Amino acid sequence: MKYKKFILYQGIIGMASSMIFPFYVLLLNNVGRSYSQFGWAYGLFALTAALTYPFVGKLADKIGDKLLLILYSWGMAVILLIFPLAYEIWHVYMLQIFMGIFGAVQKNSEKTVLARNVKKESAGKEIGTYHIWTSIAAAVAVIATGYLVDFLTIGTIFYLASIIFAWSGLYILKLKIE
């Protein structure tokens with residue numbers, strides 16, 4: 001695997017995620033009627049991810065990280081197309097469950113790719129460099145999206161992020177990951 005290309009992929013999905021995350025909280029707030037519903041939405045995401053990790057870990061060893069990363073990118077692209085259409089709290093709950101599954105796929109795959117590809121002697125430095133660039137990409141996305149939301153609707157941001165996720169799936173498809 002070309003380490004820099006993987007960093008680029010992770011930066012792209014980090015940007016797409018960061019575009020929607022702070023603003024999707026606003027969407028959740030508009031759909032829910034109480035803080036408890038808001039708590040349930042986040043709780044379902046985290047609980048689903050936790051319950052999915054063991055399965056995803058085994059699957060990564062069987063089918064490889066690349067297929068899982070493609071599944072994540074394209075799965076998130078689809079979910080983000082649906083999110084602006086959610087108008088009932090149970091819609092949000094269902095989307096959160098799917099986002100929890102895809103989130104587990106991404107987090108586990110990210111770590112297994114890094115574990116399988118960094119040199120043991122310089123793992124700290126390589127992972128530190130990885131986090132610098134993916135964090136910068138995320139920060140730029142949040143700032144830029146703040147300006148975009150001023151000119152566009154929140155729903156439009158979901159559609160833009162969906163396009164970025166779909167493109168990242170095509171990008172990772174072309175990468176050689178060991």
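This is a predicted model: local features need pLDDT of at least 70, side-chain atom pairs count only at pLDDT 80 or more; totals for chains, interfaces and linings use all residues.
Residues are numbered from 1 along each chain as its sequence is written, and side-chain values use heavy atoms, with hydrogens and water left out.

Glutamate 110 also takes part in a salt bridge with lysine 111, at 3.7 Å from N to O, a salt bridge being a side-chain nitrogen of Lys or Arg within 4 Å of a carboxyl oxygen of Asp or Glu. How many salt bridges does a search of the whole structure find? The search returns 3, and Asp61, Asp65 and Arg116 are linked in a network of them.

Aspartate 61 forms a salt bridge with arginine 116, with the closest N and O atoms 3.1 Å apart; because aspartate 61 lies in helix H2 and arginine 116 in helix H4, the pair ties together parts that are 55 residues apart in sequence. When I say helix, I mean a DSSP run of H or I with at least four residues, numbered from the N terminus. Arginine 116 also meets aspartate 65, side chain to side chain, in a salt bridge of 2.8 Å, N to O, and since aspartate 65 is in helix H3, this pair ties together parts that are 51 residues apart in sequence. As for exposure, aspartate 61 is exposed, with a relative accessible area of 57%, arginine 116 counts as partly exposed at 39%, and aspartate 65 is buried at 3%.

Now to the aromatic contacts, where rings of Phe, Tyr and Trp (its six-membered ring) pair if their centres lie within 6.5 Å, and planes under 30 degrees apart count as stacked, over 60 as edge-to-face and the rest as tilted. By this rule the count comes to 5 aromatic pairs. One of them joins phenylalanine 6 and tyrosine 130 in a stacked arrangement, 6.1 Å centre to centre with 10° between the planes; phenylalanine 6 lies in helix H1 and tyrosine 130 in helix H5, so the pair ties together parts that are 124 residues apart in sequence. Both residues are buried, and together with Tyr9 they form one aromatic cluster.

The next topic is the largest pocket, which has a volume of about 680 Å³. Of the 26 residues that line this pocket, the closest to its centre are Ser17, Phe45, Tyr72, Gln106 and Lys107. On a 1 Å grid over the protein atoms alone, a pocket is an open set of points where a 1.4 Å probe fits, with protein on both sides within 12 Å along at least five of seven lines, and lining residues have an atom within 4 Å of a point. The volume is the space filled by probe spheres set on the points, which are joined across faces, edges and corners. Which helix gives the most to the lining? That is H4, with 8 residues. By class, the lining has 15 nonpolar, 9 polar and 2 charged residues, where Ala, Val, Leu, Ile, Met, Phe, Trp, Tyr, Cys and Pro count as nonpolar, Asp, Glu, Lys and Arg as charged, and the others, Gly among them, as polar.

Finally, a check on helix geometry, in which the expected span is 1.5 Å times one less than the number of residues. The 21 residues of helix H6, residues 154-174, should span 30 Å, and the end C-alpha atoms are 31 Å apart, which agrees. For H3, the 18 residues should span 26 Å, and the end C-alpha atoms are 26 Å apart, which also agrees. The buried residues of H3 include Tyr72, Ser73 and Met76, while those of H6 include Phe158, Phe165 and Tyr171. Alanine 166, in helix H6, counts as partly exposed at 28% relative accessibility, and alanine 166 and serine 73 are 93 residues apart in sequence and 6.0 Å apart in space, C-alpha to C-alpha.

Key
Helices (H or I, at least four residues) and strands (E, at least two) are DSSP runs, numbered from the N terminus. Buried means under 20% relative accessible area, exposed over 50%, partly exposed in between (1.4 Å probe, protein chains only).
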